[in-house]
Amino acid sequence: QLQASGGGLVQGGGSLRLSCAASGRTFSGYDMGWFRQAPGNEREFVATVTKNYRTYYTDSVKGRFTISRDNAKSTLYLQMNSLKPEDTAVYYCAAGVVTGRDYYKMSYWGKGTLVTVSS
């Protein structure tokens, strides 16, 4: 089970940190990722981190977002800085297999957490 939290309303330029608590399975055995879905859009890849701590980011968040994981706490994080209105979306965490920036198969999904960035 994956439970995302940390969303909210923030002004443009601000920061938020999302967390995703995992339970029921061996967290360290999975590659993890964050995805988002804006109103009217399809869900899209944001960032992933492999079991070996390799990270991938979509171009629009590079240099602003940082994905990390704490295996001891079975928790995935997404530190989001310099937020923009276009980052507004429901953010989902997921677990699965990641073999490249555009190559992943996520088998488990959490419920999302809403991030709203005002201009």
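**Exercise 1. Charges over rings**

Find the ring that lies under the charged end of R69, and the ring that lies under the charged end of R43.

*Solution.* Step 1: start with R69, whose charged end sits over the ring of F27, 4.7 Å from the ring centre. The test applied here is that NZ of Lys or CZ of Arg is within 6 Å of the ring centre and within 35 degrees of the ring normal. Step 2: turn to R43, whose charged end sits over the ring of W109 at 3.6 Å from its centre.

Before going on, please note that this is a predicted model, in which local features need pLDDT of at least 70 and side-chain atom pairs count only at pLDDT 80 or more, while totals for chains, interfaces and linings use all residues. Residues are numbered from 1 along each chain as its sequence is written, and side-chain values use heavy atoms, with hydrogens and water left out.

**Exercise 2. Aromatic pairs**

How many aromatic pairs does a search of the whole structure find, and which residues are linked into a cluster by ring pairs?

*Solution.* Step 1: the search finds five aromatic pairs. Rings of Phe, Tyr and Trp (its six-membered ring) pair if their centres lie within 6.5 Å; planes under 30 degrees apart count as stacked, over 60 as edge-to-face and the rest as tilted.

Step 1: take Y30 and Y108. Their ring centres are 5.8 Å apart and their planes stand at 85°, so this pair is edge-to-face. The pair links distant parts of the chain, with Y30 in the loop between β3 and β4 and Y108 in strand β10 (residues 103–109), 78 residues apart. Strands (E, at least two residues) and helices (H or I, at least four) are DSSP runs, numbered from the N terminus. Y30 counts as partly exposed at 23% relative accessibility, and Y108 is also partly exposed, at 31%. Here buried means under 20% relative accessible area, exposed over 50%, and partly exposed in between (1.4 Å probe, protein chains only).

Step 2: take F35 and F45. With centres 6.1 Å apart and planes at 70°, the rings form an edge-to-face pair. F35 belongs to strand β4 and F45 to strand β5, ten residues apart, and both residues are buried.

Step 3: ring pairs join F35, F45, Y104 and W109 into a cluster.

**Exercise 3. An open sheet**

Work out the strand order of the open sheet of four strands, and explain why one side of β1 and of β7 is left without a neighbour in the sheet.

*Solution.* Step 1: the order is β1-β3-β8-β7, with antiparallel pairing. Two strands pair if DSSP finds at least two bridges between them.

Step 1: β1 (2–5) and β7 (65–70) stand at the edges with a single partner strand each, so one side of each has no neighbour in the sheet. Neighbouring strands are turned by 15° against each other on average, direction ignored. The angles are taken between axes, which are lines fitted to C-alpha atoms (for helices over the stretch in contact), and run from 0 to 180 degrees between N-to-C directions.

Step 2: look at one pairing. β7 and β8 (residues 75–80) pair in the antiparallel sense over six bridges, and T66 has Q79 in β8 as its bridge partner. The loop between β7 and β8 holds S74, a residue other than glycine with a positive phi near 50°.

**Exercise 4. Cores and a buried valine**

Which residues have the most contacts inside the largest nonpolar core, and is V117 buried or exposed?

*Solution.* Step 1: the largest nonpolar core has 27 residues, and W34, L76, L78, M80 and Y91 have the most contacts inside it. Such a core is a set of buried Ala, Val, Leu, Ile, Met, Phe, Trp, Tyr and Cys residues joined through side-chain atoms within 4.5 Å.

Step 1: beyond its neighbours within four places in sequence, M80 is in contact (heavy atoms within 4.5 Å) with residues including L16, F65, Y91 and V115. A second, separate core of six residues includes F35, Y56, A94 and V98.

Step 2: V117 lies in strand β11 and counts as buried, at 6% relative accessibility. V117 and T88 are 29 residues apart in sequence, and their C-alpha atoms are 5.4 Å apart.
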